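Please describe the ligand site and the pockets of this protein.

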Amino acid sequence: MKVLVLGATGNLGSRLVPALLNHGHSVVAYVRSSSKLESLLPEPVYRQIAVVQGDAKDSAAIKKAILDSGADAVINTAGMAALPPWGKSDLPEIFRAVVQGVRQAGEERNKPLRAWFLGGLGVMTFPGTELMFSDYIPIYLEHRQDLALLKSLPPNSIDWSLLCPSTMTPESSDLSALTSKGKLIANATHPPLWQDYWVKNIPLIGGYLSCGMNAPRYETTLEQNAEFIAGDLETLESPFSEKTVGVIDPK
Ligand SMILES: NC(=O)c1ccc[n+]([C@@H]2O[C@H](COP(=O)([O-])OP(=O)(O)OC[C@H]3O[C@@H](n4cnc5c(N)ncnc54)[C@H](OP(=O)(O)O)[C@@H]3O)[C@@H](O)[C@H]2O)c1
């Protein structure tokens with residue numbers, strides 16, 4: 001597939017580029033600064049990709065980049081959600097612009113694009129309830145409005161998935177020999193391999209404690225998540241279409 005990556009200079013985006021190439025995809029990086037990207041990526045990696053300079057808040061430029069490059073899929077890692085519940089970041093504006101650009105490009109082509117977006121563990125649903133993780137631990141709340149936007153889209157406008165990892169740490173800063181600790185287990189809607197602790201039965205605070213005890217189990221690496229998305233884009237019909245997707249390292 002030809003994949004347009006927004007945020008390719010970031011922690012996840014810079015690992016997605018070599019992971020996508022390793023999976024046989026071709027890559028178009030959409031970045032604010034091509035020189036920053038060139039300084040980050042190993043020369044043999046940078047040589048293999050196309051680069052478009054633009055702002056991720058500019059939906060018309062994103063649409064044009066998709067149509068001009070002939071991209072079949074888009075991954076948005078641009079923007080970073082604010083942590084405190086009262087925090088504000090550029091992410092909602094970026095997210096809206098990317099959704100609009102991807103949707104309009106699909107409309108013009110008469111075929112919805114496949115697109116991966118980034119959310120966080122907070123928008124996964126607490127097993128056995130309709131509540132989200134962030135109903136118990138209210139951080140990174142901007143992901144909730146991003147998910148609401150995706151869910152409000154008319155059918156067949158974007159073939160989207162929202163990856164909802166907990167903290168992602170780097171395995172290595174060497175982007176030329178991208179290795180990953182091992183495959184993640186993924187699950188739609190509810191976090192995979194959820195552990196039921198007895199504390200969940202404690203009135204009022206049980207759900208909160210259960211989330212707090214489970215959360216560290218969902219830490220993964222940037223490389224594992226890059227590998228996961230790159231692998232999913234090899235499938236023509238993803239099992240994660242129009243779903244939130246939780247991931248865990250089974251080890
Ligand atoms: N890191 C984690 O542990 C973690 C966990 C869960 C979810 N997430 C989510 O995953 C996503 C990626 O995380 P990350 O750690 O890779 O983020 P990051 O390292 O902060 O990267 C953010 C990227 O966004 C780009 N960007 C920001 N504003 C832009 C704009 N207006 N136009 C174009 N590009 C813009 C930055 O480009 P410049 O280089 O030009 O600034 C950078 O490449 C975020 O949405 C985050 O909320 C992250």
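## Basis

This is a predicted model: local features need pLDDT of at least 70, side-chain atom pairs count only at pLDDT 80 or more, and totals for chains, interfaces and linings use all residues. Residues are numbered from 1 along each chain as its sequence is written, and side-chain values use heavy atoms, without hydrogens and water.

## Ligand shell

The ligand is surrounded by 22 residues (a heavy atom within 4 Å). Thr9, Leu12, Arg32, Lys36 and Ala56 are the closest. The shell holds 9 nonpolar, 10 polar and 3 charged residues (Ala, Val, Leu, Ile, Met, Phe, Trp, Tyr, Cys and Pro count as nonpolar; Asp, Glu, Lys and Arg as charged; the others, Gly among them, as polar).

The distance is 2.9 Å for a polar backbone atom of Gly10. It is 2.9 Å for Gly79 and 2.8 Å for Met168. The protein covers 84% of the ligand's own 910 Å² of accessible area (Shrake-Rupley, 1.4 Å probe).

## Largest pocket

The ligand sits in the largest pocket (more than half of its atoms within 2 Å of the pocket's grid points). A pocket is an open set of points on a 1 Å grid over the protein atoms alone, where a 1.4 Å probe fits, with protein on both sides within 12 Å along at least five of seven lines; lining residues have an atom within 4 Å of a point.

The volume is about 1,200 Å³ (space filled by probe spheres set on the points). Of 44 lining residues, Thr77, Gly79, Met80, Ala81 and Met168 are closest to the centre. The lining has 22 nonpolar, 16 polar and 6 charged residues.

## Second largest pocket

This pocket holds about 270 Å³ of space. Its lining includes Met1, Asp72, Arg109 and Leu236. By class, the lining has 5 nonpolar, 1 polar and 5 charged residues.

Definitions and conventions: A polar contact is a pair of N or O atoms within 3.5 Å; within protein, one must be able to donate a hydrogen and the other to accept it, and residues adjacent in sequence count only if both atoms are side-chain atoms.
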